[in-house]
Amino acid sequence: AEHSIAFYTHGGPVSATIESGIIEVNFPVLPIEPIEPAEEILQAVDPAPLFTGRRGEDYMVQVSSESKLKKIYPDLKMLDALGVHGLIITSEAPSGKNYDFAVRTFQLTPRYGAESAVAAWVYAALGPFWMTRFGKAKVKAFRHAPKSTVIPLEVDGDRVKFFGEAVTILQG
């Protein structure tokens, strides 16, 4: 049986549909604005990023490799002092992987924060970002922490869909 729910947010409508144990979450595209990073961002994350961008108080940095992505432990105290709310670090996957790109996120609240699970909106930003680089509407993300998993994404016009296994834990 199919179940759907819609949420109306300041960013636009978000819907979730569960069918046969698979959930499809449908978000509006959330573009990342390219920026020239402050020197402190480069010191805190990577002195030679391939791309830096911003959405509100959240920053995104593309690094040159997944092995580099795994080794980065940003200076969260420095980022917090700059007013950064969240940090997304992403890289292209090495050839032969069953995903197209990797991602790690850091939440800087409460104070100084820690590595965190990827928030759903991050996929709505990364889907279009990587789609334009790969030239394809369907890409797969690999979330590194705290629980590693592959997330299929599909960009459909001004919407991003992502898919995963669904388990009902509460019904009302």
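Where is the place of leucine 170? Leucine 170 sits in the segment after strand 12 (159–165). The legends below start with the whole chain and come back to this residue.

**Figure 1. The whole chain of a predicted model.** This is a predicted model, in which local features need pLDDT of at least 70, side-chain atom pairs count only at pLDDT 80 or more, and totals for chains, interfaces and linings use all residues. Residues are numbered from 1 along each chain as its sequence is written, and side-chain values use heavy atoms, with hydrogens and water left out. The chain has four helices and 12 strands. Helices (H or I, at least four residues) and strands (E, at least two) are DSSP runs, numbered from the N terminus. Along the principal axes, the C-alpha atoms fill a box of roughly 50 × 35 × 30 Å. Of the 172 residues, 41% are buried. Buried means under 20% relative accessible area, exposed means over 50%, and partly exposed lies in between (1.4 Å probe, protein chains only).

**Figure 2. Asparagine 26 and its contacts.** Asparagine 26 belongs to strand 3 (residues 22–28). Its relative accessible area is 12%, so asparagine 26 counts as buried. The side chain of asparagine 26 makes a polar contact with the side chain of arginine 159, at 2.6 Å. A polar contact is a pair of N or O atoms within 3.5 Å; within protein, one must be able to donate a hydrogen and the other to accept it, and residues adjacent in sequence count only if both atoms are side-chain atoms. Leave aside neighbours within four places in sequence, and asparagine 26 is in contact (heavy atoms within 4.5 Å) with Pro13, Val14, Ser15, Arg159, Val160 and Lys161.

**Figure 3. Alanine 119 in a loop.** Alanine 119 lies between strand 9 (114–116) and helix 4 (120–134). With a relative accessible area of 32%, alanine 119 is partly exposed. Glutamine 107 is 12 residues from alanine 119 in sequence. In space, the two are 9.7 Å apart, C-alpha to C-alpha.

**Figure 4. Leucine 170 and a nonpolar patch.** Is leucine 170 buried or exposed? It counts as exposed, because its relative accessibility is 74%. Val167, Ile169 and Leu170 make a nonpolar surface patch of about 430 Å². Patches are made of residues with over 30% relative accessible area and no salt bridge; like charges are joined within 9 Å, nonpolar side chains (Val, Leu, Ile, Met, Phe, Trp, Tyr) within 5 Å. A salt bridge is a side-chain nitrogen of Lys or Arg within 4 Å of a carboxyl oxygen of Asp or Glu. Accessible areas come from the Shrake-Rupley method with a 1.4 Å probe; for residues, only the protein chains shown count as cover.
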